[in-house]
Amino acid sequence: MLVMIKSDFITMKNSALQLLSIMLIVAVFVSLGTGTLIAGVAAITAAFTFMYIFSIVAYDEMNGWERFRLTLPISRRQVIAGRYASILIVTIASVVFGMVFSLVGSLIASSLPQIPFVASLAEGFDPVVETAHVLLIAAMLLIAAMLSMPLFMRFGMTKATRIVPLVFVFIMVGALYLISDFDDVVVQMLPVLQTLFLPAPEETLTSLGLSALVFACLLVPYAISAGIAMKLYEGRQF
Amino acid sequence: MEYAIECRGLEKSYPGFALGPLDLNVERGSIVGLVGPNGVGKTTLIKLLLGLITPDAGSLALLGQPLPDPANMPAALKARIGVVFDTCAFTQASRVRDVAQLGRASYQEWDAPLFTRFLVDFGLDPKKQIAKLSRGMGMKLSLAFALAHHPELLVLDEATAGLDPLARDEMLDLLRSFMLDEHHAILMATHITSDLEKIADKVVCIDAGAMLFCEQKEAICDEAGIAHLRSSQLADLLVQHDAATAPLFVLKHEYGVDVLVPDRFAFGKAHPDIPVDRVAIDDYLNLVLKGEKHAGHDQI
């Protein structure tokens, strides 16, 4: 598995710096444009992981790299385990980048009171709430990865990009159908969702704890997704 | 005798194409060339050997190790095999030095000084991006990667295609050096049969998914020959041909008839009036693939 993680990072290391620079510029403009740091943090966290997933899967198909990689001393299961691990590492790293961005951003903003539209970014900045939000964004990325990766690994990027949107639509429709069937449960959940997304000042730590719990709980279906991807990848013909 | 590659009754079918059942042995200490027209199953066979596709039937053993499930080949066995495909497979955004990192991460036996020496010998700049390498340079990098972990078996699929003659000769020299160890073996699929004339021990031809012939190179290049006949001489020759000996392959053209004979010296003695030349693998292939097969006078 370690070979695959290293392989993914060696493959991406030249692009990663480029991606991060682009994301940083985008995050600055998004934050200034929306007047809030969280939008920039979301841009860094979500877009970096998302672009990592798409780039690494796209590289697989170039010049038969994916086929050649299987001739290295690495099993098909290790390929999947390593790929899922590398995505998880990048997701966690992007959470850290996002937090660093928000902390540095708030420091810069608070040190520039003479520029009102920059200084306003620091108003109401709460690192605990920011971290909770970043963890929720990371949790959403894990959901996207766990749904799309089995298809990417089984069919390759070219074919899977035609199937993945269909799967997402089915899941969203299914989720809406379930919500409409269990609306009383949803109503009961509303205070929890409120704490999670829009916590009151005294609920910020609870919000962080809940976000971390959501992220941690998602690791179980993420691992199940890896198991499904392994099964699918075993039968793939190169 | 221990074989580097031993497959029995290997089969793989796709809609509209079937390979096998195929038996193939590659002895240690030998270079086997895999030839045949495009799309006849050479790459499919190589993919089967490397576990990239699963066989429908048959058995396979590599370096003496039976592989009941080739798609799940043990990593330790993979580490003893070097592979070069027809393109430089490393990711385009990577640099040459990243390939060295990949080798270090992948192989316990990775020989960093040897890889660096290859880079110097080949004039490959470690900072250069893979996307900016010429085809020849890319193939040299692939071969350097395949050799730098000291494999016992090399599997090459069109590795010399598109290279200029000098670059090809350099690669062939490397392969000769690799074969100085008598436990090593090479299976190379190629359309450049002149390369096989220089280094192969055996030539295997596949056509339409089946093995057409498997001959020692000497049997082709030293013993076989092409007899050049006038059309009027052909009937007599075929009548005299003994069914017990190897078949003749006959290719008619505008100015006469070419006949592939298994033993040009014996043929020369038996038919001193018919000129017979040494045969190149290309001509041999052409006659076997396109010629009419005549097993003997009882079938005429």
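Helix α5 of chain B, residues 135-147, has 13 residues and reaches 18 Å from its first C-alpha to its last, close to the 18 Å expected at 1.5 Å a residue. The expected span is 1.5 Å times one less than the number of residues. Helices (H or I, at least four residues) and strands (E, at least two) are DSSP runs numbered from the N terminus.

This is a predicted model: local features need pLDDT of at least 70, side-chain atom pairs count only at pLDDT 80 or more, and totals for chains, interfaces and linings use all residues. Residues are numbered from 1 along each chain as its sequence is written, while chains are lettered from A and ligands numbered from 1 in the order in which they are written.

Eleven of the 13 residues of α5(B) are buried (20 or more other C-beta atoms within 10 Å of the residue's own, with C-beta atoms placed from the backbone). Among them are B:Met137, B:Leu141 and B:Phe145. The cover over the buried residues includes β6 (81-84), α3 (96-106), α4 (112-122), β7 (153-157) and α6 (165-178) of chain B.

Chain B is assigned domain 1 (3-218) and domain 2 (224-299), with bounds from an automatic or database domain assignment. Their centres, taken over C-alpha atoms, are 34 Å apart. Ten residues from domain 1 of chain B and six from domain 2 of chain B make the contact (C-beta atoms, placed from the backbone, within 7 Å).

Chain A has eight helices and zero strands. Of its 238 residues, 37% count as buried.

Methods:
Contact = placed C-beta atoms within 7 Å. Buried ≥ 20, exposed ≤ 12 C-beta atoms within 10 Å, placed from the backbone.
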